[in-house]
Amino acid sequence: MGAARTTESELTDLAEQVAAEAAALVREARDGMQAGRAVDVATKSTDTDVVTAIDRETERFVRTRLAELRPGEAVLGEEEGGAAGTGVTWVVDPIDGTVNFLYGYPWFSVSLAAQVDGVSVAGAVVEPVSGRRWTATRGAGAWLDGRPLRVSAPRRLELALLSTGYAYRVERRTQQAAMVAGMLGRVRDIRRAGAASLDLCAVAAGWTDAYFEHGLSRWDWAAGALVAAEAGAVVSLPGEDPEFGSDATFAAAPPIAAELRSALIECGAAAI
């Protein structure tokens, strides 16, 4: 099937299929770990930035399946890298939330998106433990297990429930913590669950009213940000809003988006 003859909806279906197959492998590995099976763990940028053999095996599986189903298309992945192609590029995070996965905390996912010219046009985020499937198609909407999603509508910022995340490097975490401390008195509360793709999906479902984080890579947001945007969130991606800093990701329900943006900037977002 050639890329030119494939609709974005069909790309979403394929992303969901492959992500669900990969999630089944991750779930099987998790079950094995809970039964006492050891798993190889290494570190990347810091001692707290971990990668497991399961991350690598899952990404290799996704690459193999895409090569079978979409031969010749580029793949960009967290573990094996890659570069954008001239047509569709697939962006994969084999386990978003690896620390959660290691600890047995069930908030982690397989994230897979199709991008064209760096823009996500189709995506799926699948949770191995719950089996939930978050999907989106550019211009056509977002869904959770086939149910249409719509963001919340908080009346004002002080009633908003936010979510965020922190970098692995201690110096940057300290700056992020200072910004969060400044925000705590301005909102209902702030959550930190540890998987950016799912935090973005939570905004889409109205489970939270907004999400912000610095330092995400393309595979962290490629699918989840599309889900949030297609559910009606105001979304800003790394590099799009210099006042947020060079690598900030932001997704918010429209009624509070402008005020939240201003509050985050006042609390030091650009300096992180």
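A residue is called partly exposed when its relative accessible area lies between the limit for buried, under 20%, and the limit for exposed, over 50%. In this predicted model, valine 99 has a relative accessible area of 31% and is therefore classed as partly exposed. Valine 99 is found in helix α3, which covers residues 98–103.

A contrasting picture is given by helix α5, formed by residues 196–205, which is mostly covered, with 10 of its 10 residues buried. The buried residues of α5 include Leu198, Leu200 and Val203, as well as Ser197, Asp199 and Cys201; the alanines at positions 196, 202, 204 and 205 are also among them. The helix α5 is followed by glycine 206, for which phi is positive and near 80°.

Positive phi values also occur in residues other than glycine. Most residues other than glycine have a negative phi. Aspartate 117, however, has a phi near 55°, a positive value in a residue that is not glycine. Aspartate 117 is placed in the loop that runs between β5 (109–116) and β6, and with a relative accessible area of 69% this aspartate is exposed, because the limit for that class is over 50%. Aspartate 145 likewise is not a glycine and has a positive phi, of about 50°. The position of aspartate 145 is in the loop between β8 (141–144) and β9 (147–148), and its relative accessible area of 53% makes it exposed as well.

The second largest pocket of the model has a volume of about 170 Å³. Two elements, β6 (119–126) and α7 (224–230), each give two or more residues to the lining of this pocket. The largest share of the lining, four residues, is contributed by α7. Among the lining residues are Val119 and Ser120, together with Ala225, Leu226, Ala229 and Glu230, while Gly118, Arg138, Trp221, Ala222, Val235 and Leu237 also take part in the lining of the second largest pocket.

Notes: Residues numbered from 1 in each chain as written. Predicted model: local features only at pLDDT ≥ 70, side-chain atom pairs only at ≥ 80, totals over all residues. Heavy atoms only, no water. Buried < 20%, exposed > 50% of the residue type's maximum accessible area, 1.4 Å probe, protein only. 1 Å grid on protein atoms, 1.4 Å probe; cavity = no way out; pocket = protein on both sides within 12 Å on 5 of 7 lines; lining within 4 Å. Points joined across faces, edges and corners; volume = space filled by probe spheres on them.
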